[in-house]
Amino acid sequence: YNRDMEELIQQIYKQARLLGACELFTGKEHTLEDIVHLFVTPQGIEFCINNHFPNMETFRLFKPYKIERFGIYIDAGTITLHNPKQAILIGNTVATINNDTLDAHEVILLHGAKAVVNASGWAVCKAIVAEDCYIDCNVTDNAIIL
């Protein structure tokens, strides 16, 4: 596991450097947790959206590592999530997301993912949607989707 993950991270690092990745990505990341931590930062998400990076084939290499535990759903099919702090939907993923708590929520769609976000109560949800994705937002009560 560790050796495969390190090789995968190095492959991604080399590709990212060619695209001008920010200095946060050092190439010294060794674990799934390290690479996920970088990916979910605002800079990481912005870089990935702006550069359509990584491609779907690379994202799919992470599926066997139970990436859903980090709120990242790759080719997850049809799913329903309740009050995720952050949900990153990638590829063949169609999600219904229900937010009704006072927490801040963030939904990120990449590589053709689709979502219906239902916000109610005092929920505040930020949506970041890549150009090839689709989101439908439903707001009731005092909720806000940014």
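This is a predicted model: local features need pLDDT of at least 70, side-chain atom pairs count only at pLDDT 80 or more; totals for chains, interfaces and linings use all residues.
Contact is taken here as heavy atoms within 4.5 Å.

In one of them, five strands are arranged in the order 1-3-5-7-9 with parallel pairing. Strand 1 and strand 9 (144-145) form the edges of this sheet, each pairing on one side only. Strand 3 (residues 86-90) runs parallel to strand 5 and is joined to strand 5 by five bridges. Within this pairing, Ala 87 is placed opposite Val 107 of strand 5. Strand 5 is in turn joined to strand 7 by six bridges, again in parallel, and here Ile 108 faces Ile 128 of strand 7. Strand 7 (residues 124-129) pairs with strand 9 in the parallel sense over two bridges. Val 124 is the residue that stands opposite Ile 144 in strand 9. Strand 5 (residues 104-110) is mostly covered, with six of its seven residues buried.

Gln 86 belongs to strand 3. Its side chain and that of Glu 106 are joined by a polar contact of 2.6 Å. When neighbours within four places in sequence are set aside, Gln 86 is in contact with Val 40, Gly 71, Glu 106 and Ile 108. Ile 108, one of these partners of Gln 86, is also the residue that stands opposite Ile 128 in strand 7.

The other open sheet has four strands in the order 2-4-6-8, and its pairing is parallel. Its edges are strand 2 and strand 8 (134-139); each has a single partner strand, so one side of each is left without a neighbour in the sheet. On average, neighbouring strands of this sheet are turned by 10° against each other, direction ignored. Strand 6 (residues 114-119) pairs with strand 8 in the parallel sense over six bridges. In this pairing Val 117 stands opposite Cys 137 of strand 8.

Among the helices, helix 2 carries the buried residues Leu 32, Ile 35, Val 36, Leu 38 and Phe 39. Viewed down the axis of helix 2, the buried residues fall within an arc of 160°, so they line one face of the helix. Phe 39 is also among the residues touched by Ile 45, which is located in helix 3 (residues 42-51). Ile 45 has a relative accessibility of 4% and counts as buried, because the cut-off for a buried residue is under 20%. Residues up to four places away in sequence not being counted, Ile 45 touches Phe 39, Val 40, Ile 88, Ile 108 and Ile 128. The C-alpha atoms of Ile 45 and Ala 113 are separated by 15 Å, the two residues being 68 residues apart along the chain.

The count of salt bridges comes to two. One is formed by the side chains of Glu 33 and Arg 69, with an N to O distance of 3.7 Å. This pair links distant parts of the chain: Glu 33 is in helix 2 (residues 32-39) and Arg 69 in the loop between helix 4 (56-60) and strand 1, 36 residues apart. Glu 33 is partly exposed at 37% relative accessibility, whereas Arg 69, at 51%, counts as exposed.

The other salt bridge is between the side chains of Arg 60 and Asp 75, at 2.4 Å from N to O. Here too distant parts of the chain are linked, with Arg 60 in helix 4 and Asp 75 in the loop between strand 1 and strand 2, 15 residues apart. Arg 60 counts as partly exposed, at 37% relative accessibility.

The loop that holds Asp 75 runs between strand 1 (72-74) and strand 2 (77-82). With residues up to four places away in sequence left out, Asp 75 touches Met 56, Arg 60, Lys 63, Ile 90, Gly 91, Asn 92 and Thr 93.

Conventions: Residues are numbered from 1 along each chain as its sequence is written. Side-chain values use heavy atoms; hydrogens and water are left out. A salt bridge is a side-chain nitrogen of Lys or Arg within 4 Å of a carboxyl oxygen of Asp or Glu. Buried means under 20% relative accessible area, exposed over 50%, partly exposed in between (1.4 Å probe, protein chains only). Two strands pair if DSSP finds at least two bridges between them. The arc is that of the directions from the helix axis to the C-beta atoms. Axes are lines fitted to C-alpha atoms, for helices over the stretch in contact, and angles run from 0 to 180 degrees between N-to-C directions. A polar contact is a pair of N or O atoms within 3.5 Å; within protein, one must be able to donate a hydrogen and the other to accept it, and residues adjacent in sequence count only if both atoms are side-chain atoms.
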